[in-house]
Amino acid sequence: MKKVFHLLIMSCALLLSSVASAESDLAIEITQGIDEPTPVAVVPFAWDGSSALKEDIAKIVSADLGRTGLFNMMDPKNMLSFPTQQAQIYYRDWRISKTEFLVIGRQIPAEGNQIKVEFELYDVLKEQRLLSERVSGTQDNLRDIAHYISDMIYQKLTGIRGAFSTRIVYVTAQQYGEGKVSYRLKMADSDGARPITIRQQSEPLMSPAWARDGSKLAYVSFESGRPAIYIQYLATGKREKVQSFRGLNGAPAWSPDGNKLAIVLSKDGNPEVYVLDLRSRSLARITHHYGIDTEPSWSPDGQSIIFTSDRGGQPQIYRIYLPTRQLERVTYEGNYNSRGRLTHDGRFLAMVHRGDDNVFRIAVQDLKTGRLDTLTDTYLDESPTIAPNGSIILYATQKGVKGVLGGVTLDGNVRFILPATSGDVREPAWSPYLQ
Amino acid sequence: MRASNVTKAVALALSVAWVAGCSTSGTTESTGSTAGTDTGSTQGVSQNTGVSGSSMDDVANLQTVFYFDFDQSVVKADGFADLEKHAAYLAANPSAQVILEGHADERGTREYNMALGERRAKAVSRFLQVNGVSGSQVESISFGEEKPAVLGHSDSSWSQNRRVELKYVSR
């Protein structure tokens, strides 16, 4: 997998000194509910090559930035001019259309299949260049180049690291013939493009989870007729069965240091959360209750585990602190809260929430204030997974009779559905930042 | 579909019972093979609570799918009679084994539904054990919401998917 992302980055070091010294000035403060997304225009990039390129980099960058909800992206149809060089920029044109930031670029063919892409980011009001970089790659990884450019621009404008160059995995189920289903574990770009199958089988496959170094996944497979937990190495496709007790073997979640897996086993009678140390293979039982305890997930500091339990009568989310085993209930609003996932800063808890209308939706609870907001307006929502920079939650939902992936920003302002793929799509898991 | 499954189940039951009868020089198991060859004696016996459980044909014709209410794992009363007959058969045939597959409808989260499916399978397992079946004859496997019997997002689909399927692995 590593070879896929092989970009030679040549920073031209043309940052204006005043900008470089005051980077945080540019950061758009992400507050609860930005009503006025910042207007940004990405002008179609120039191309000198003889044959048409397979991907439109400017379009991908524009879509990436637009999905975050922070930016209002200008449709090229509304652009008054199409500059590709600094000298061609008439700031007045862009001020008239209320554009605040402008991206222009050039795609230059190089030896063989190589390509060089130069892009520049401008502050229209200040008439200043903020960023100028040259990215080298091949014509086969134009999407990687585009996502890299998106990451650079996003970070410049928000002060937050971009997560467009990350990947997602998800599970699809496709029926064929009488009662036969093909289950696939797929990996795609963070925008759903370029899906590839990394595991295919005729028995269910579920709960994919990324290791924090991005090199491997854990998941649950029924290939033996019973659930078992497997680890699959992405580079080689090599697999390892790590747990298969009698009863449930499920819900694997990697510890932040990558050395442990929180898992759910029912070998002692009912579902309990355990921590499996992958180095010593020792198993420590974490929860003790006759109810259902499942769906563990680690806090970013590795000091606590959040999990779903119906010990109070209905599924709610709890947190257990590992050093002390102190237990606290986290969610109270709604009659079904489950499968919690914390943002990378530990402040927000995304979950599946059912309120008074009895519809399953994605909600976020601010752990500082206790405030819970329902983010989605879809139906049968499941499996929230958060981008490594906390910007977007991906989740599984239903569109018509088909399972699809939806996305929503953490503030609920922007919602989108990822491009449909074949079969029923479910259980997205967003990768960490990839090297 | 159902009829053909029943036919297959009977055929499987007969062959398994025959093999079991051959391989054991035992005492009680031989009733299995005699009953198995007697294909015509289904009806009258089922009313006889004391001995009905050892008849192969009775088990083959019993209900094997048991349904549950939403978020519930209580075995419903309409399944009691047939479950008692399964229990009687298993108790009378200690080498017989069943798998109880627990399932949930699609609502709620997948791993929680795995736990719910297991809880349902275990409720049926407990019912069998209370009625004299040894724990070693029963295995509970949950498939959560991963293997719906019926596709669709309606109450009627969901009610058919909240189920435990009892499957004989050996008789």
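Colleague: Which residue takes a positive phi in the hairpin of β19(A) and β20(A)?

Modeller: First, this is a predicted model: local features need pLDDT of at least 70, side-chain atom pairs count only at pLDDT 80 or more, and totals for chains, interfaces and linings use all residues. Residues are numbered from 1 along each chain as its sequence is written, while chains are lettered from A and ligands numbered from 1 in the order in which they are written. Helices (H or I, at least four residues) and strands (E, at least two) are DSSP runs, numbered from the N terminus. Five residues lie between the two strands of this hairpin, and the one with a positive phi, near 75°, is A:Gly302.

Colleague: Do β19(A) and β20(A) run parallel or antiparallel?

Modeller: Strands pair if DSSP finds at least two bridges between them. A:Thr294 stands opposite A:Thr308 in β20(A). Four bridges join β19(A) to β20(A), residues 304–309, and the two strands run antiparallel.

Colleague: How many residues of β19(A) are buried?

Modeller: A residue is buried if 20 or more other C-beta atoms, placed from the backbone, lie within 10 Å of its own, exposed if 12 or fewer, and partly exposed in between. By that rule β19(A) is mostly covered, and of its six residues the number buried is six.

Colleague: And how many residues of helix α2 in chain A are buried?

Modeller: This helix covers residues 57–67, and A:Gly69, with a positive phi near 80°, follows it. Its buried residues include A:Ile57, A:Val61 and A:Leu65, along with the charged A:Asp64 and A:Arg67. Of 11 residues in the helix, the number buried is eight.

Colleague: How many residues are in the largest nonpolar core?

Modeller: A nonpolar core is a set of buried Ala, Val, Leu, Ile, Met, Phe, Trp, Tyr and Cys residues joined through C-beta atoms within 7 Å. A:Ile263 is among the members that touch the most others. Beyond its neighbours within four places in sequence, A:Ile263 has contacts (C-beta atoms within 7 Å) that include A:Ile229, A:Tyr274 and A:Leu276. A second, separate core has 37 residues, including A:Ile115 and A:Met152, while the number in the largest is 71.

Colleague: Is A:Arg325 buried or exposed?

Modeller: A:Arg325 sits in the loop between β21 (316–321) and β22 (326–329) of chain A. Its phi is near 60°, a positive value in a residue other than glycine. Because A:Arg325 has 10 other C-beta atoms within 10 Å, it counts as exposed.

Colleague: Which loop holds A:Asn358?

Modeller: A:Asn358 has a positive phi of about 60° although it is not a glycine. With 10 C-beta neighbours inside 10 Å, A:Asn358 is exposed. Its place is the loop between β24 (348–354) and β25 (360–366) of chain A.

Colleague: Which element gives the most to the side of chain A that touches chain B?

Modeller: The contact takes 25 residues from chain A and 17 residues from chain B. Elements that give two or more residues on chain A's side are β11, β15, β19 and β23. The one giving the most, with three residues, is β23(A).

Colleague: What percentage of chain B counts as buried?

Modeller: Chain B has six helices and four strands, which run α-α-α-β-α-β-α-β-α-β from the N terminus on. Among its contacts between residues at least 6 apart in sequence, 68% join residues at least 24 apart. Of the 171 residues of chain B, the buried share is 43%.

Conventions. Two residues are in contact if their C-beta atoms, placed from the backbone, lie within 7 Å.
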